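Please open the structure in a viewer and keep the selection panel at hand.

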Amino acid sequence: MMAITLFGAAVIVFVVIRIVPGNPIAMMLPPGATDEDIARLTAHYGLDKSIPEQFVVWLTGVLQGDFGTSISLRQPVMPLVLGRLPATLELSIFALVLAVIIGGAMALTGTRFRGGRTEAVIDVANGAGLSIPDFLWALVLILTLGVLYPVFHISGRISPSLDLPFTTQFYAFESILRLRFDLWWDLLKHMFMPALALAIPLAAIIGQLLKQSLKETMHLDYVVLARTKGYGENHVILFEALRNAVLPTLTLIGVQFTFLIGGTVIIERLFSYEGLGNMAIDAVINRDLPLIQGIVLVFALLFTVVNLVVDLTYALLNPRLRHA
Amino acid sequence: MTPFLQIENLSAVIRGTSDRLLRSVSLEVNSGEVCGLVGESGAGKSMIGKAVLGILPAAVEIAEGQVQLDDEDLLAMPQADRRRLIGAKAALIPQDPLTALNPSRRIGPQITDRLIDILGWTRRDAANRAAELLDEVHIDNPQRVLASYPHELSGGMRQRVLIASAFAANPKLVIADEPTTALDVTVQKQILRLIREMQERHGTAMLFVTHDLGVVSKVCQRLTVLFAGKVIEQADVADFYAGPRHGYSKALLAATPKFTEPFTSLMPVDRAVITAVTAEIEAADGAWHHG
Ligand SMILES: Nc1ncnc2c1ncn2[C@@H]1O[C@H](COP(=O)(O)OP(=O)(O)OP(=O)(O)O)[C@@H](O)[C@H]1O
Ligand SMILES: [Mg+2]
């Protein structure tokens with residue numbers, strides 16, 4: 001199933017990026033290169049063959065672990081992509097955590113004080129979160145917490161002046177393992193705004209949907225019965241309603257998280273964050289076909305993994321599916 | 001001696017209106033006594049139980065009256081205190097066992113939670129008590145059931161679990177809200193017998209809500225007849241079956257199938273009687289609105 005999805009994604013991207021106008025070879029040669037130079041280099045990268053032929057060559061390479069060579073960076077694609085992937089993963093997962101915390105808090109607070117002014121305020125906040133896209137939130141954040149009150153860094157992944165002891169690209173994760181909280185703090189100050197921009201729309205969706213399903217759950221017989229046992233509203237919401245109310249939200253979080261990962265492309269660009277998305281934009285500008293192809297494949301793989309994780313979590317939380 | 005549960009002049013309205021769902025209801029349940037609460041669908045039987053237990057729907061509010069549980073004025077207390085008091089002294093056997101258990105929690109904790117959290121028992125004591133209770137409600141292999149999820153049990157089993165849970169904290173009052181209506185006919189009798197058995201063993205007072213006068217005669221010592229949220233008649237069961245005083249009660253009794261003809265279904269109550277009692281209530285309502 002996963003293989004079919006990935007294959008489909010590979011085919012579509014492969015064809016599309018070769019149909020759209022723009023010649024990668026012409027872009028890499030200095031002005032004044034002759035047509036012959038261009039033709040020779042085009043043949044060198046195999047771009048003179050028909051699209052199906054190119055695809056067969058590419059796929060044969062991929063199956064042997066060779067994803068080709070980046071035209072603009074002149075390095076093998078896979079090491080390039082894998083070098084950037086951890087930065088994007090850390091950003092996306094941090095954004096997801098923020099979204100779950102913010103959205104969850106709004107849903108729980110809204111349910112606890114349902115029908116009152118607090119809920120109305122939360123509804124308005126959710127509406128704003130939903131109707132403004134992530135890149136506009138990014139601009140708002142840059143202007144406020146970046147420029148007006150410069151609390152956070154607006155550019156890059158880590159301050160260039162720092163010595164990096166890292167052996168992996170998972171900087172934030174590794175800095176915790178190494179107990180280098182000074183580095184972790186610096187990473188956080190860089191990651192916070194892009195992550196928050198990505199998180200806000202998802203937080204709003206979680207807030208709205210989870211509140212809705214919590215409120216419905218609060219009327220169910222077993223929740224009412226728990227009240228007669230002597231429990232207060234906080235306990236009833238957290239320990240009786242929440243777990244059942246989370247289930248419908250969970251599937252949606254999975255789908256929305258893949259959108260969030262897609263959003264990293266623009267957000268990383270806006271914050272000059274050295275991740276996969278930022279690299280993707282460079283690759284597209286340079287018409288770097290092998291690199292685009294590699295990045296897309298990794299994104300597609302990420303999406304399928306997210307969906308798999310969601311399905312597993314759902315089964316874990318729902319006792320009716322656990323033994324099946 | 002004052003009654004264990006004393007409801008006085010209780011009126012409940014739809015929030016923000018003067019539409020009464022309960023009309024100056026007064027009702028008493030003495031310690032150890034089983035009281036029937038009878039009426040047609042929509043009469044407000046469940047509403048009385050909910051008002052006592054503090055679980056009225058958000059759209060309903062209490063307009064006047066008092067509810068005293070064990071000499072404490074429930075409506076005058078802060079919500080958290082009221083819930084704890086109710087959790088310690090009263091319990092509900094709900095109508096529908098299929099929806100009254102949390103689908104994502106195991107049976108064991110659903111029985112023991114209040115013992116541990118509200119009454120401060122140790123986990124071990126609570127677990128032993130749960131096993132003992134399942135034994136009392138005639139469930140074989142209690143340990144297996146305690147570790148099960150609700151969907152792994154039949155409807156009858158789940159109602160047994162809920163009965164066990166209701167009696168877990170040795171409540172002084174149990175409110176049973178049509179505890180057999182949602183069950184299969186063959187299971188209904190067993191569950192009814194079980195509730196009676198548990199009530200006798202624990203000496204619990206009980207408010208037994210039903211629309212079936214046939215059941216009342218078997219289970220209750222006294223009964224209250226309700227129509228449109230108003231108490232129509234209160235009597236000892238023996239006196240009531242010998243001859244109800246109110247016209248509506250008579251019609252209701254006449255509509256109840258005799259035990260000798262178990263397969264006749266419930267008949268509708270005579271229309272003329274309903275018209276008469278409705279007029280009576282409207283007159284009283286007029287007085288309430290202007291008084
Ligand atoms: N959430 C609610 N909001 C407003 N009115 C309600 C609500 N729930 C019930 N009612 C009304 O309250 C009245 C009494 O309902 P109640 O559930 O107490 O009836 P009942 O005697 O228990 O009937 P049944 O035998 O069907 O259970 C009904 O007229 C019903 O329409
Ligand atoms: Mg009812």
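This is a predicted model: local features need pLDDT of at least 70, side-chain atom pairs count only at pLDDT 80 or more; totals for chains, interfaces and linings use all residues.

A polar contact is a pair of N or O atoms within 3.5 Å. With that cut-off in mind, select Ser46(B) together with ligand 1: a polar side-chain atom of Ser46(B) lies 2.6 Å from an oxygen atom of the ligand.

**The ligand site**

Taken alone, ligand 1 exposes 640 Å², and the protein buries 65% of that.

Now extend the selection to the shell around ligand 1, which includes Leu21(B), Glu40(B), Ser41(B), Gly42(B), Ala43(B), Gly44(B) and Lys45(B). Pro57(B) and Ala59(B) also belong to this shell. Colouring the shell by residue class gives 5 nonpolar, 4 polar and 3 charged residues. Which helix gives the most to the shell around ligand 1? Select residues 45–53 of chain B: this is helix H1, and its contribution is 3 residues.

**A salt bridge within chain B**

Move to Lys89(B) and Asp70(B), which form a salt bridge whose closest N and O atoms are 2.8 Å apart. Lys89(B) lies in helix H2 (residues 79–89) of chain B, and Asp70(B) in the loop between strand S4 (60–69) and strand S5 (72–73) of that chain, so the pair ties together parts that are 19 residues apart in sequence. Over all chains, a search of the whole structure finds 21 salt bridges.

**Chain A**

Along the principal axes, the C-alpha atoms of chain A fill a box of roughly 85 × 50 × 40 Å.

**The interface of chains A and B**

Display both chains and select the residues in contact: 21 residues of chain A meet 27 residues of chain B. The area buried between the two chains is about 2100 Å², with 53% of it given by carbon and sulfur atoms. Highlight Thr228(A), Lys229(A) and Tyr231(A), which supply 29% of the area that chain A buries against chain B, more than any other three residues.

How many salt bridges does the rule find across the interface of chain A and chain B? There are 3. For one of these, select Arg105(B) and Glu240(A), whose side chains meet at 2.6 Å, N to O. Counting residue pairs in polar contact between chain A and chain B, with both residues at pLDDT 80 or more, gives 12.

Finally, colour helix H10 (221–228), helix H11 (233–270) and helix H14 (319–322) of chain A; each supplies at least two residues of the side that touches chain B. By class, that side of chain A has 7 nonpolar, 6 polar and 8 charged residues.

Note on methods: Residues are numbered from 1 along each chain as its sequence is written. Chains are lettered from A and ligands numbered from 1 in the order in which they are written. Side-chain values use heavy atoms; hydrogens and water are left out. Contact means heavy atoms within 4.5 Å. Buried area is the accessible area (1.4 Å probe) that two parts lose on being put together, summed over both. A salt bridge is a side-chain nitrogen of Lys or Arg within 4 Å of a carboxyl oxygen of Asp or Glu. A polar contact is a pair of N or O atoms within 3.5 Å; within protein, one must be able to donate a hydrogen and the other to accept it, and residues adjacent in sequence count only if both atoms are side-chain atoms. Helices (H or I, at least four residues) and strands (E, at least two) are DSSP runs, numbered from the N terminus. Ala, Val, Leu, Ile, Met, Phe, Trp, Tyr, Cys and Pro count as nonpolar, Asp, Glu, Lys and Arg as charged, and the others, Gly among them, as polar. A residue is near a molecule or strand if one of its heavy atoms lies within 4 Å of it. Accessible areas come from the Shrake-Rupley method with a 1.4 Å probe; for residues, only the protein chains shown count as cover.
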